[in-house]
Amino acid sequence: MHPQRRMQYLEAIGIDLWVSRRDSGARAAATVAASGSAAAPDPPPPGETAARWEALRSEVLRCTRCPLHLTRTQGVFGVGPSRADWLVIGEAPGAEEDRRGEPFVGAAGQLLDAMLRAIGLDRGTNVYIANVLKSRPPGNRDPRPEEVAACLPYLVRQIALLQPKIMLAVGRMVHRFGELNTPLVVTYHPAYLLRTPADKRKAWEDLKFARSVYQQRANAQ
Ligand code: URA
C-alpha cells in the first residue's frame, strides 16, 4: 500500500504514526504458541466446502440454544470470503448488527473497517468477520459465560471451514484454549498501564470479568 494512503487511513482512525508493537499502547493480543505445533486439518473437498458453510449458516440462523433467540431480530452469522487468511472475532452483535444481520456494521464497525483498511484488509475480499455470540444480548450487555458456551461451537466450526492463517480477537470476551476449553481473558499489560494509568480502569473491568467467568465455572463444577 502506498505510504501516503496508509497515513490517511491511520489518520482516519486517530493514529498519527506507526509504533512498534513492543512499544504500542494497544491492548496486548495473547499469542498462544501451540506446543508441538499441531498440523492443520485437511480441508474438505472443494465442492463440499460451500455446502458446509451453507448448512452452518442456516443452523445458526435457526438456533435456539440459548434464550437470546427470543429477543434477537435475527442471527448474525459472519461476513467475508469463505477462504480468508484473516479472521476478526468480535464479541456479539449490537443493535445495528441485529437489524442488518451482519457483524460490525455500526459505528464500531466503521472504525474496524478503517483499521483493517490501514493494513490492506477488506471484508469484501480478504478478511472474514464473525462474533463469538451470533445473537444480540439485550441492551448490549456483556455476553454471559453460558451464552458463550452455547454459541462457541459455531465459531469453532467457522474456524475449521475458514482455516485462517491468523485470528484477531477484539474486545473483552472469553476465549477458550486447548482441549480443556480453558477460558482465556485478554487484558492490558501492567507495563503499559504504568505508562498509561488512565487505562487502569479498563484493566480493572477486565479483571472483574475474569473473576466472574472463574466463579461461574467454579460454581458449575
Ligand atoms: N461489537 C462486536 O463485538 N461485534 C459486532 O458485531 C459489533 C460490535
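What follows is a short walk through the fold, the nonpolar core and the ligand shell of a predicted model. Residue numbers start from 1 along each chain as its sequence is written. Because the model is predicted, local features need pLDDT of at least 70 and side-chain atom pairs count only at pLDDT 80 or more, while totals for chains, interfaces and linings use all residues.

The protein has 8 helices and 5 strands, taken as DSSP runs numbered from the N terminus (helices: H or I, at least four residues; strands: E, at least two). Along the sequence they come in the pattern α-α-α-β-α-α-β-α-β-β-β-α-α. Of contacts between residues at least 6 apart in sequence, 72% join residues at least 24 apart; a contact here means C-beta atoms, placed from the backbone, within 7 Å.

Buried residues make up 23% of the 221 in the protein, a residue being buried if 20 or more other C-beta atoms lie within 10 Å of its own. The largest nonpolar core holds 24 residues, and L87, V127, Y128 and V132 touch the most other members. Such a core is a set of buried Ala, Val, Leu, Ile, Met, Phe, Trp, Tyr and Cys residues joined through C-beta atoms within 7 Å. At least two of its residues come from each of β1 (86-90), α5 (107-118), β2 (127-131) and α6 (145-162), with α6 giving the largest share, 5 residues. Leaving out residues up to four places away in sequence, L87 touches Y128, A130, I159, L162, P164 and M167.

Then there's the ligand. Around it sit G90, E91, A92, P93, G94, E97, P103, F104, A108, G109, N131 and G171, each with its C-beta atom, placed from the backbone, within 6 Å. This shell divides into 5 nonpolar, 5 polar and 2 charged residues, with Gly counted among the polar ones and Pro among the nonpolar.

Note on methods:
Buried ≥ 20, exposed ≤ 12 C-beta atoms within 10 Å, placed from the backbone. Contact = placed C-beta atoms within 7 Å.
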